[in-house]
Amino acid sequence: MKAWQDAASLILAARHGTSRAVPPAVHNYKLLCLKRHQKSNFMPGLYVFPGGTVDPADANLKWQEHFAAFGLDNNKLTSLISKVASRPQIFQSRENELPKEVSLRITAIRETFEECGILICRHKDSNTPSNWAEYVSVPRDELLMWQSKVHDNATEFFNLCQKFECYPDLWALHEWRNWMTPTTAYEKRFNTAFYLACLSHMPYAKYEAIEMEDLKWDTPENFSSMGQITFPPPQQYEIAKLIKLKNIDDLLDIAVKHNKEGAQLYLPVRIHLKDGFMHVMPGDTLYPKEVSLSEKQVIDKSDITIEEFTKMSPVKNRTHFLDAKIRVIFTDVSGEDMHVEFPMPGYSKIAYGKEEPKNKL
């Protein structure tokens, strides 16, 4: 049995405003985040991107017939399979199932509809450019009923698509990153494929009250400074990386490029220091050359301070955990270190846990 559950999540960006002539200093798009229910057994009360665990229904081969009815044959589906030689484990397909590059996208689209009512699908006569996502409007008097049905039984998502004569807009979901819960301090772990999709405008959305308590559209910059809401580590990192990316057209270009390169596994490794701790991610100078997906790995540098450790790293890709805030630090393409801070109103035990060093590296 695996030590984690496979999942998929969608970073959904939508252009906002009626004019495209938005000043370069202002984001011309907003991101969608949902607040997990306080009774949730994982990350309760935190804001997340829509998403959830995979279900066998997402990989059922009957989806092939459904896509074929819209003129999308198996060759079109297999075009989603990355040509990158080395792929993270989550994309390993199994016999008698859809390729994982297909089924994980269905998971992300299904969970997005279940949680916020946005159906990222297309009708047969759609003429939206394929890189941009499209959505199908479910009548508002039926929306909560269908969200509840899909929540209770994932196979109902297939029935939903048949009912509204549409198909999941798989080709508008671009591989972004593969986040895995760290091996330390968590009883539940997830291996999650993150996708990014861009919409030409913000659709109507309604959160599903069984799992969620709130729904917000806002810019990356505003999300980073909202002291009254909190995010898990992957959301903090992704929001931080988008703060300087103001234009949704540029965001989409980068997403297409990411998709061609294939999602990289991001398994944060904890480092204990004299005056705190941090997580390092791939690309950081001090990220371990080898990491275990299942064995606990904590690097003990408790004889030096955060400042001393920082000077050892010409290229940074990490998160610092301070008393009242979280600081995401990464070195951009120009070689400049970017610092983005998030308020941390007392939830570190929920989001990060406490763990003593297990090995000295």
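Colleague: How many Å separate the centres of domain 1 and domain 2?
Modeller: The separation is 27 Å, taken over C-alpha atoms. This is a predicted model, where local features need pLDDT of at least 70, side-chain atom pairs count only at pLDDT 80 or more, and totals for chains, interfaces and linings use all residues. Residues are numbered from 1 along each chain as its sequence is written, and side-chain values use heavy atoms, with hydrogens and water left out.

Colleague: Thanks! Where do the two domains lie in the protein?
Modeller: Domain 1 covers 5-17 + 25-265, and domain 2 covers 267-352. These bounds come from an automatic or database domain assignment.

Colleague: And how many residues does the contact take from domain 1 and domain 2?
Modeller: Domain 1 gives 31 residues and domain 2 gives 27 residues, with contact meaning heavy atoms within 4.5 Å.

Colleague: What area do they bury between them?
Modeller: About 2,400 Å², 67% of it on carbon and sulfur atoms. Buried area is the accessible area (1.4 Å probe) that two parts lose on being put together, summed over both.

Colleague: Which residues in domain 1 lose the most area to domain 2?
Modeller: Those are Thr183, Gln236 and Tyr237, together 23% of what that side buries.

Colleague: Last one: which helix supplies the largest share of the side of domain 1 that touches domain 2?
Modeller: Helix 7 does, with six residues. Helices here are DSSP runs (H or I, at least four residues), numbered from the N terminus.

Notes: Helices (H or I, at least four residues) and strands (E, at least two) are DSSP runs, numbered from the N terminus.
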